[in-house]
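Subject: Structure for your review

Dear colleague,

Please find below the structure that I am handing over to you. My notes on it follow.

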Amino acid sequence: MGFDNHIFISYAHVDNMELGGSEWVTEFDRDLQRVLHQLWGKRPSIWRDPKLQGNDYFADEIVEQFPTVALLVSVVSPRYVQSEWCLKELKAFCEAAEQNGGIRRGNKGRIFKVIKMPIDLEQQPKEIQGFLGYEFFDRDVQGKLNPFSRIFGEKAAILYFNRLLDLAQDIKQLLEDLIDSADPLPAPPTKNISIYLAQSSYDLREEWDNVRRELKQRGYKVLPDQPLPSYYPDLEKQVKESLQQCKLSIHLIGKSYGTIPEEADRSLIQLQYELAVQHQQANSQFVALSWMPSELQIEEPRQLEFLELMQNDPEFSRTGLEDFKTRIQDRLNPPPHSQTQPQSESEFKRVYLIYDRADADHTLQIEDYIYEQGLEVIPSLLDGDETELREYHCDQLRSCDAVVIYYSSKTNWNWLQMKLNDLRKVLGYGRSQPLLHKAVFVAESCSETNRRRLRTREAEVIDSFDGFNAFITKVR
């Protein structure tokens, strides 16, 4: 396939009208050229009609050049879907592309849908309804629209360039497929692994983009790769088909309960989670990971009900994002199991003492007690970034002989559940044998309610130093 132009940008004139000293499409065109040039290493040929006349008169000379255009970028907006000119450009490009390699190349499409302003999927031209879009806006928890543009401040500018980078990365990959496929340089390696990244609410869109971007940069295929239907029976079918192709699913849970699809009684976010959990129960090799920011406060009643439902899920965590991304990679790339090496070369048994930063001063007495019993005590690491803390935690779980979790009135309940969950999966971290013993030390400061709530058969519950005697005996 020979192409004189790499990209044609189709847009409505009103979307480039000056606003706050900025012409959005003009700046988008310039920025895309610069970013794509840096990523691809070649200067892209990007072409658009400046539409100086300000109306929607369709020019035949544009259509004549479409057979030699590799990709179409449609700047979709309410005006775009009403513009006869824009719709004709879109239709004409599709017709030309079908005669020159087809609209799709594998799972990739030669049309990139840049959604500048909100527009329902059903209102979009049928030619682009099956393509995922790149939304250059988001909404806050009150539903207020926040466009991505320099004129709206530093944060909006950062979001604009992050989204532009996502778009440019995907365009670069397709241009390499269309144009560079005959080059002697090999294509970058990709993993033959698909991951289902569930749609999240707008308040976590930045985190969702962050996870998606990193997964794609690591070579994973991210599904779904087309918009989900708004009608539940169709949505359920498409989600199940996507999950069948995936090794794991990722669910980011935010403040908002989210939209409820037609013919459904639960939100899209909850439905995707439930379908993934069902798939996990039927497929032992699949795992559904769910996450909520540790500091997030939920007020919406239905979201509180949904959160309560998830509390017993061992794959649900409330941590920082970097910690959660490390957890994703742990599940995708588990450390190799060693069947011959001992966990530690030390002649002394090692006890890993896990505690929160708020309890650091109160655990010194326990450290001294364990050490005085002839055991090595490994304290928790409290300084470092989330990745370093997670790596240290997993290393100690691999090498220690026993674990004690310190639980006090200052300890978050979700933190405790996350640490207990780590103990359930300890063999997955590369251990060759189970832990000798596991215990939770309940401090005197704990309320009676939390003491009664802490009921587990997976670890010994200790509430005094006298209770350590049996623990020490089992570890020795």
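Which kind of contact joins the side chains of Asp 209 and Arg 205? The two side chains meet in a salt bridge, at 3.4 Å from N to O; the term denotes a side-chain nitrogen of Lys or Arg within 4 Å of a carboxyl oxygen of Asp or Glu.

Two remarks on the basis of these notes are in order. The model is predicted, and local features need pLDDT of at least 70, side-chain atom pairs count only at pLDDT 80 or more, and totals for chains, interfaces and linings use all residues. Residues are numbered from 1 along each chain as its sequence is written, and side-chain values use heavy atoms, with hydrogens and water left out.

Overall features

The chain comprises 14 helices and 19 strands, taken as DSSP runs numbered from the N terminus (helices: H or I, at least four residues; strands: E, at least two). Its C-alpha trace spans about 90 × 55 × 45 Å along the principal axes. Of the 476 residues, 50% are buried; buried means under 20% relative accessible area, exposed over 50%, and partly exposed in between (1.4 Å probe, protein chains only). Among contacts (heavy atoms within 4.5 Å) between residues at least 6 apart in sequence, 72% join residues at least 24 apart.

Arg 205 and Glu 135

Asp 209 and Arg 205 are both buried. They are 4 residues apart in helix H5 (residues 205-217), and are therefore separated by about one helical turn. Arg 205 also has a polar contact of 3.2 Å with the side chain of Glu 135. A polar contact is a pair of N or O atoms within 3.5 Å; within protein, one must be able to donate a hydrogen and the other to accept it, and residues adjacent in sequence count only if both atoms are side-chain atoms. Glu 135 lies in strand E7 (residues 133-135) and is buried, with a relative accessible area of 18%. Not counting residues up to four places away in sequence, Glu 135 touches Ile 115, Phe 148, Arg 163, Tyr 202 and Arg 205.

Other salt bridges

The whole structure holds 27 salt bridges. One of them joins Glu 84 to Lys 88, with the closest N and O atoms 3.1 Å apart. These two residues are 4 apart in helix H3 (residues 84-98), so about one helical turn separates them. Lys 88 is partly exposed, at a relative accessible area of 37%. Arg 266 forms another salt bridge, with Glu 274, the closest N and O atoms being 2.8 Å apart. Arg 266 is partly exposed at 24% relative accessible area, whereas Glu 274 counts as buried at 18%. Salt bridges that share partners also join Glu 27, Arg 30, Asp 31 and Arg 150 into one network.

Helix H10

In helix H10 (residues 364-372), the buried residues are Ile 366, Glu 367, Tyr 369 and Ile 370. Seen down the helix axis, they fall within an arc of 165°, so they line one face of H10; the arc is that of the directions from the helix axis to the C-beta atoms. The face turned away from this buried side carries the exposed residues Gln 365, Tyr 371 and Glu 372. The cover over the buried residues includes strand E15 (350-354), strand E17 (402-407) and helix H14 (468-475). Just after H10, Gly 374 takes a positive phi of about 85°.

Yours sincerely
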